[in-house]
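Please look over the model below before reading on. The numbered points that follow go from the whole protein to single residues.

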Amino acid sequence: EAGLAAEEDLPVGVLRDADDVFVTSATRGVVPVAAVDTHPVPSVAGPLTLAARAAYDRAVDQDLTVDW
């Protein structure tokens with residue numbers, strides 16, 4: 001829906017060189033990563049993180065809308 005590709009099991013070097021890194025979980029949603037192995041991520045909560053968070057929030061809101 002949001003046009004974002006998901007990748008798992010990325011090498012640490014790829015993450016260290018990334019401009020925008022986030023993790024997801026069912027309980028915390030989309031969370032920006034500030035550093036990888038003490039290497040700061042240039043854009044904490046950058047455009048990809050914000051787009052993923054918005055898509056996640058929309059999906060959760062839709063799932064919580066139930067007609068009882």
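1. Surface. The accessible surface of the protein is about 5300 Å², and 55% of that belongs to carbon and sulfur atoms. Accessible areas come from the Shrake-Rupley method with a 1.4 Å probe; for residues, only the protein chains shown count as cover.

2. Ground rules. This is a predicted model: local features need pLDDT of at least 70, side-chain atom pairs count only at pLDDT 80 or more, and totals for chains, interfaces and linings use all residues. Residues are numbered from 1 along each chain as its sequence is written, and side-chain values use heavy atoms, with hydrogens and water left out.

3. Layout. The protein has two helices and four strands. Helices (H or I, at least four residues) and strands (E, at least two) are DSSP runs, numbered from the N terminus. Along the sequence the pattern reads α-β-β-β-β-α.

4. Of the 68 residues, 18% are buried. Buried means under 20% relative accessible area, exposed over 50%, and partly exposed in between (1.4 Å probe, protein chains only). A contact means heavy atoms within 4.5 Å. Among contacts with a separation of 6 or more, 37% join residues 24 or more positions apart.

5. The hairpin. Strand S1 (residues 22-25) pairs with strand S2 (residues 29-32) in the antiparallel sense, over four bridges. Two strands pair if DSSP finds at least two bridges between them. Three residues make up the hairpin that joins S1 to S2. Phe 22 stands opposite Pro 32 of S2.

6. Val 23. This residue belongs to strand S1. Val 23 is partly exposed because its relative accessible area is 48%. Beyond its neighbours within four places in sequence, Val 23 contacts Gly 29, Val 30, Val 31 and Val 33. From Val 23 to Ala 52 is 29 residues along the chain, and their C-alpha atoms are 10.0 Å apart.

7. The core. Which residues form the largest nonpolar core? There are five: Ala 18, Val 21, Val 33, Val 36 and Val 41. A nonpolar core is a set of buried Ala, Val, Leu, Ile, Met, Phe, Trp, Tyr and Cys residues joined through side-chain atoms within 4.5 Å. Leaving aside neighbours within four places, Val 33 is in contact with Val 21, Phe 22, Val 23, Val 41 and Val 44.

8. Thr 49. Is Thr 49 buried or exposed? Thr 49 counts as buried because its relative accessibility is 0%. Thr 49 lies in helix H2. Neighbours within four places aside, Thr 49 touches Asp 20, Val 21, Phe 22, Val 30 and Pro 32.

9. Val 44. Look in the loop between strand S4 (39-40) and helix H2 (47-64) for Val 44. Its relative accessibility is 45%, so Val 44 counts as partly exposed. Not counting residues up to four places away, Val 44 touches Pro 32, Val 33 and Ala 34. Val 44 and Ala 34 are ten residues apart in sequence, and 5.5 Å apart from C-alpha to C-alpha.

10. The salt bridge. The count is one. A salt bridge is a side-chain nitrogen of Lys or Arg within 4 Å of a carboxyl oxygen of Asp or Glu. The side chains of Arg 16 and Asp 37 form it, at 3.2 Å from N to O. Arg 16 lies in helix H1 (residues 12-17) and Asp 37 in the loop between strand S3 (35-36) and S4, so the pair ties together parts 21 residues apart in sequence. Arg 16 is partly exposed at 34%, and Asp 37 is partly exposed at 49%.
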